[in-house]
Amino acid sequence: MYSRFIIAALFAGASAGLIAGLLQLIFVQPVLLHAELYESGELVHFGGGAISAHPDLPGFDAMRDGLSLVFTMLTYTGYALIMIALMGVAEDRGARIDGRSGILWGVAGFVAFHLAPGFTLAPEVPGVAAADVSARQIWWFATVGTAGVALWLIAFGRTWIVWAIAAALLMAPHLIGAPEPDVFTGPVPTEIGALFAARAFGVGLAAWVLLGCFAGYFWQREGAHADAQANA
């Protein structure tokens with residue numbers, strides 16, 4: 001059981017993390033590098049003249065981009081450990097776990113870790129005004145936790161009271177509100193901020209769907225392998 005859990009998590013997390021890292025390098029990193037030009041003052045928004053929306057950006061950096069890929073793979077391996085642990089609990093309750101049902105698990109993970117906190121505390125580019133980082137981290141973890149519990153209650157609850165509690169948990173962090181800065185400042189154009197948020201959500205959804213699919217597939221495969229060895 002333990003080896004099944006570890007192997008499935010490692011394969012699913014590393015595979016999804018590698019794809020997520022490549023998607024981030026292609027779609028998200030150029031937006032971040034563009035924003036950093038405004039943060040550093042190399043480009044000035046609303047300056048004396050028109051500024052090109054397509055400046056020259058730094059190219060591939062083996063050290064920076066390689067470490068980014070490794071970190072992303074490690075991060076998604078951590079996510080996979082959490083997801084597969086919950087899949088094991090759900091399977092014990094009679095739920096079917098495979099690659100197809102794993103897609104739903106991936107969507108749920110995206111909602112819990114990206115959409116729920118991002119609904120009020122949107123992804124931010126460098127240089128924008130932001131509240132104290134500790135306060136934002138506390139709110140983020142609380143929101144992810146309540147969203148995860150709420151989604152579990154929605155999936156496995158059996159009564160309207162349970163579903164009502166789930167709805168309340170989903171809404172509570174946003175009704176309380178995320179920490180906000182005292183004033184809004186920042187040199188980065190709003191178009192770049194909007195593009196970054198959109199691409200962060202898009203890549204996050206793709207990565208989580210893949211993670212759920214891989215996790216379900218490897219969990220089922222390792223379980224079938226273990227059963228075959230037991231019956232041999």
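## Model and overall fold

The model is predicted, so local features are described at pLDDT of at least 70 and side-chain atom pairs at pLDDT 80 or more, while totals for chains, interfaces and linings use all residues. Residues are numbered from 1 along each chain as its sequence is written, and side-chain values rest on heavy atoms, with hydrogens and water left out.

Let's start with the whole protein. Its secondary structure comes to six helices and zero strands, where helices (H or I, at least four residues) and strands (E, at least two) are DSSP runs numbered from the N terminus. The C-alpha trace spans about 75 × 45 × 25 Å along its principal axes. Of the 232 residues, 34% are buried; here buried means under 20% relative accessible area, exposed means over 50%, and partly exposed lies in between (1.4 Å probe, protein chains only).

## Regions annotated in UniProt

An unreviewed UniProt entry places the feature "transmembrane region" at residues 67–90, 102–122, 137–155, 160–176 and 196–219. Those positions follow the numbering used here, feature names are shortened, and the annotations may be inferred rather than shown by experiment.

Two of these stretches can be set beside the model. Residues 67–90 are 100% helix and 0% strand, with end C-alpha atoms 35 Å apart. Residues 102–122 are 81% helix and 0% strand, and there the end C-alpha atoms lie 26 Å apart.

Helix α5 covers residues 160–176, and its 17 residues reach 24 Å from first C-alpha to last, close to the 24 Å expected at 1.5 Å a residue. That expected span is 1.5 Å times one less than the number of residues.

Have a look at Leu170, where α5 bends by about 30°, with Pro173 following within four residues. The bend is the angle between axes fitted to the seven residues ending at a position and the seven starting there. Just after α5, Gly177 takes a positive phi of about 100°.

## Salt bridges

The count comes to five salt bridges, each a side-chain nitrogen of Lys or Arg within 4 Å of a carboxyl oxygen of Asp or Glu. One of them joins Arg4 and Glu91 at 3.6 Å, N to O. This pair links distant parts of the chain, with Arg4 in helix α1 (residues 2–39) and Glu91 in helix α2 (residues 62–92), 87 residues apart. Arg4 is buried at 14% relative accessible area, whereas Glu91 is partly exposed at 29%.

Another bridge pairs Arg136 with Glu124 at 3.1 Å, N to O. Arg136 lies in helix α4 (residues 133–156) and Glu124 in the loop between α3 and α4, so the pair ties together parts that are twelve residues apart in sequence. Asp65 and Arg64 also meet in a salt bridge, at 3.0 Å, N to O; Asp65 is buried at 3% relative accessible area, and Arg64 is partly exposed at 31%.

## Surface patch and a loop contact

Ile103, Val107 and Leu205 make a nonpolar surface patch of about 200 Å². Ile103 sits in helix α3 (residues 99–118) and is partly exposed, with a relative accessible area of 35%. Patch members have over 30% relative accessible area and no salt bridge; like charges are joined within 9 Å, and nonpolar side chains (Val, Leu, Ile, Met, Phe, Trp, Tyr) within 5 Å. Areas come from the Shrake-Rupley method with a 1.4 Å probe, and for residues only the protein chains shown count as cover.

Finally, Pro187 is in the loop between α5 and α6 (190–231). Pro187 and Val128 are 59 residues apart in sequence and 7.1 Å apart in space, C-alpha to C-alpha.
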